[in-house]
Amino acid sequence: MRTHPLVTRNAPVVTIVAVLIVVWYVGAVLMNLSLVRGGFEREESPYTTMELLEGTMSAERPLLPAPHQVVGAFIDGVFGYAPTAPRSLVYHSVVTLSATLLGFALGALLGIVLALAIVHSRVLERSLMPWIICSQMVPILALAPIFIVVLGAIGLQGLLPKSIISAYLSFFPVTIGMVKGFTSPDPMQMDLMRTWSATSRQVLSKLRWPWAVPYLFASLKVAITISLIGAIVAELPTGAEAGIGARLLAGSYYGQTIQIWSALVAAAVLASGLIAIVSYAERKVAQRMGARA
Amino acid sequence: MPRPAGLIGPEGLAGLRDPLVEPVRMNSTADVEPHIYQSTVTRPVAVDVSKVSLTFDTADGKVEALSNVDLQIGGGEFVSFIGPSGCGKTTLLRVIADLQQPSSGTVTVNGMSAEQARLGRNYGYVFQAPALFPWRSIEANLKLPLELMGFSPTEQKQRAARYLELVNLIGFERKFPWQLSGGMQQRVSIARALSFDPELLLMDEPFGALDEIVRDHLNEQLLQLWAKTRKTVLFVTHSIPEAVFLSTRIVVMSPRPGRITDVIDCNFPRDRTLEIRETPEFMAIAQRVRTGLRAGHSYDE
């Protein structure tokens, strides 16, 4: 029997997703069972097993919402309200996305500048590198409130403090990747540049930069996802009114598990979209740089 | 440092100078009789290596890569360096190119110190591998040194076209390096080394990674190129037939310490073809190179 190529290609993914959904439903039933049973017993109303099962999948505040509840809440959050309404997931996503993108841009820039400094000076390498590594050993959850409070005290509020936390996380992979990239040219090519008595600026622009491009995109993919995480984490300590982080926080305050999960789905969709954009840029650049098709 | 516009093209250089054999000064530690050749100098000395030694500090102690090497190469010569691994032939070429500094002794290239010559872009260097820049098209690869040296865009384009023609690669301008065979890539790297019209061409086993057939073919092309452009060529090789076929002079080197053990004249006509490899004269020179290599080589290691 011959299968359609589309089936062959997608079958593994579909299978895994199906298995996950089944596991999720089973988990939802098991985790919500005592909750729902308790509800029936409190009301002292008789119930059948079927009603019990249905109850586990339609509870208002389940321990673990069933997939269809999460999807329903997500779709409702995206399409059910005007994009500017405070209950719209689009609104919150845009708030978080703007902080993410600004933070990502700042972080990528800082990462590249640090990498350039490190590559061009051994003294800087020795003095900067330990601090750069240390900076990532402190949990961001502990740092974020301090940042927000300190920046708030000097009058910085809203977008910028969140972006700074995003940048703080996202510069690191870019620095590490670009140091590797800038130092990766073939020694023979370095020798060639020397025989042409190229200036160090020429070596940078004609040899080191092009060599570093694949490393750049690899680190940008890491950077943009942790940028998003940084922005969400930064929304938590302030009890911000808007943003995916704010939705998560509000959801956990009021036990709105479905809201938490739909906000998580929104974050995942956002992250996938961001990665897809970076990957697209990577492909386009690779094509222009003569990569094999 | 941009070179003056309107340089004579490679074909324009032909006939300006005569091929000749330069005298050689030899000062070797080997027990081979030194050969002093009669000087018929009409072109200035291109490369003068005088009492050059170079010692590397390695984990296993000091390694004498070059020991008291003396050599003079005249303009327009084609000099091959041959010897077993570790005899310092590549190191010597790198010292001449100022890619490595000697521990003692002096190197003069076109009357300048090796460093001045490098800064003045007096030589083109061809490595074992083509070392093309993979993100640049063939044409852009050829233009790279010209960009660095500040040639005008029109001049860059003209030169790229001219030198691609010289190595028979017209039509491949838009291709990327991975789309070319190894031999074609190495021809691009030779064109690139010539593109800014240096007097001197330094080649470090340029055909070492290629198969015999391609190698023969490129050897013939290189000879034609040399005859056309009248460059001075310094050529490192492992292959005796290659050295004898290409050279006006063969420098035989031996290891531990790296030194010159013999310098052999090899004056076949400039328009030699591969057929000369069957002649007794060719065999005789090849035999002498082989003897020289054996003398400097201790097999009991």
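**Domains, interface and backbone**

Tutor: Happy to. The C-alpha centres of domain 1 of chain A and domain 2 of chain A lie 38 Å apart, with domain bounds that come from an automatic or database domain assignment. The contact, meaning heavy atoms within 4.5 Å, takes seven residues from domain 1 of chain A and six residues from domain 2 of chain A. This is a predicted model, where local features need pLDDT of at least 70, side-chain atom pairs count only at pLDDT 80 or more, and totals for chains, interfaces and linings use all residues. Residues are numbered from 1 along each chain as its sequence is written, chains are lettered from A and ligands numbered from 1 in the order in which they are written, and side-chain values use heavy atoms, with hydrogens and water left out.

Student: Where are the bounds of the two domains in chain A?

Tutor: Domain 1 of chain A covers 5-64, and domain 2 covers 89-288.

Student: How much area is buried between domain 1 and domain 2 of chain A?

Tutor: About 470 Å², with carbon and sulfur atoms giving 53% of that. Buried area is the accessible area (1.4 Å probe) that two parts lose on being put together, summed over both. On the side of domain 1 of chain A that touches domain 2 there are five nonpolar, no polar and two charged residues.

Student: Switching to the chains: how many residues of chain B are in contact with chain A?

Tutor: 27 residues of chain B are in contact with 21 residues of chain A. The two chains bury about 2200 Å² between them, 64% of it on carbon and sulfur atoms.

Student: What about salt bridges between chain B and chain A, how many?

Tutor: Three. In one salt bridge the side chains of Asp98(B) and Arg194(A) meet at 3.7 Å, N to O.

Student: Which helix of chain B gives the largest share of the side that touches chain A?

Tutor: H4(B), with four residues. Helices (H or I, at least four residues) and strands (E, at least two) are DSSP runs, numbered from the N terminus. The side of chain B that touches chain A divides into 18 nonpolar, two polar and seven charged residues.

Student: Back to Asp98(B): what is its phi?

Tutor: Asp98(B) has a positive phi of about 60°, although it is not a glycine. Asp98(B) sits in the loop between helix H2 (89-96) and strand S4 (104-109) of chain B.

Student: Is Asp98(B) buried or exposed?

Tutor: Asp98(B) counts as buried because its relative accessibility is 6%. Buried means under 20% relative accessible area, exposed over 50%, and partly exposed in between (1.4 Å probe, protein chains only).

Student: Which peptide bond is cis?

Tutor: The one from Arg256(B) to Pro257(B), with omega near -10°. Pro257(B) lies in the loop between strand S9 (249-254) and strand S10 (259-265) of chain B.

Definitions and conventions
Nonpolar A, V, L, I, M, F, W, Y, C, P; charged D, E, K, R; others polar. Salt bridge = Lys/Arg side-chain N within 4 Å of Asp/Glu carboxyl O.
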